[in-house]
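Subject: Structure for your files

Hello,

Here is the structure I said I would send.

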Amino acid sequence: MTARRKGATRLATIAKPQESSFDQYAGEVYGWAYRLLGRHHDALDVVQDVFMRWDTQCRRQTPQRPRGWLRRVTLNRAIDLRRQRKTNPDLATGSLQFPATAADPGAGVEREELRSDITEALDQLSEIQRGVLVAKVYDGMTFAEIATELGVTPSTIKTHFVRAVRAVRDKLGQRWS
Amino acid sequence: MTSCEQFEELLADALGDELSPEDRRTFEDHLAVCERCRNDYESSRDAVGAMQNLPAPQQVDVRREGDRLVIENNRANRSLDASGLEQSPRSKVNPLARLAGRTLRYAASALVAFTAGYVAHGWQAAPAGPPPGMGIVKQIDAVPGSVTGGDLQQALVSAHLRGPRRSDLAKCLIAVSTTDG
């Protein structure tokens, strides 16, 4: 990824107008990425990457369920990026979005560690478990809606959801214990 | 009596806040008597809460400009140029242009002040009264009675004394009147 001036907001290029149903989801892509990464510029990096993948995919065949496809790819890409940042901290761009306050100087660090643990837990999940968890917790979708989007039964979605929550719980439990 | 198997079936709806009122009673009744399931539920609920309590992403506006997708920070209302560099409303103004504008304003103010002063000075320096020629004519007209050479001369001298700046014509008339006698 190219370096950019601090504070700049990345532009993503749309290849062709007829393939740009992406732009209606770009805000959500940004939100999903941000949830996992906590950094505005990293989230924008993911938006750009996901768009390029969307463009490539649409040249072959437009996904039947674009939102589900985008969520899956976004979460994968965000996790990859976080892994990269962890091994190469110098690549990190921008500061934490919510730095600690003077009254609670450790809050920002603690929050970042929490986010890191959650993202690591998500990394251990299957793609569908990850997607279900994010769709339920962050997108506020019902199990029925998620089932429709992913093309599976609500009972399957609920099973995936419980497994995903327990995985996050077990990871956070290591912190809390 | 609700079993742990029933608890497992209702756990997803409980964590996802989709329990019906009847199922909620069933679920809570089991929690009251089963410590293992209660711990399972409470720790899972805390994990969901931790995820929800992470800071939410800032609001962004997404729009298309030609073949570009622009993602803007809604709050700051920032926009981007083609190089992807941020352009805030303030940064759109060239600092040199800003300096030039300020200089022009100062110069304009100085010019106005100078002009006002010049006009005021000229106003004060110029004697009150009508233009030179007209004033002399009127003064001459003001001489009562028949006008003799001496009266005309006296009038011209008076005009000269009152308005030395306008006295050139007065001098000529004096000279003419003197020559005529």
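The notes below cover ring pairs and charges over rings.

This is a predicted model, in which local features need pLDDT of at least 70 and side-chain atom pairs count only at pLDDT 80 or more, while totals for chains, interfaces and linings use all residues. Residues are numbered from 1 along each chain as its sequence is written, chains are lettered from A and ligands numbered from 1 in the order in which they are written, and side-chain values use heavy atoms, without hydrogens and water.

Rings of Phe, Tyr and Trp (its six-membered ring) pair if their centres lie within 6.5 Å; planes under 30 degrees apart are stacked, over 60 edge-to-face, the rest tilted. Over all chains, this rule gives 6 aromatic pairs. One of them is F7(B) with F27(B): the centres are 5.1 Å apart and the planes at 15°, so the pair is stacked. F7(B) lies in helix α1 (residues 4-15) of chain B and F27(B) in helix α2 (residues 21-33) of chain B, so the pair ties together parts 20 residues apart in sequence. Helices are DSSP runs (H or I, at least four residues), numbered from the N terminus.

F27(B) also pairs edge-to-face with Y41(B), at 5.1 Å centre to centre and 80° between the planes.

Two charges sit over rings (NZ of Lys or CZ of Arg within 6 Å of the ring centre and within 35 degrees of the ring normal). The charged end of R115(A) is over the ring of Y34(A), 5.6 Å from its centre. K136(A) lies over the face of F143(A), 4.5 Å from the ring centre.

Regards

Technical notes: Helix = DSSP H or I, 4+ residues; strand = E, 2+ residues; numbered from the N terminus.
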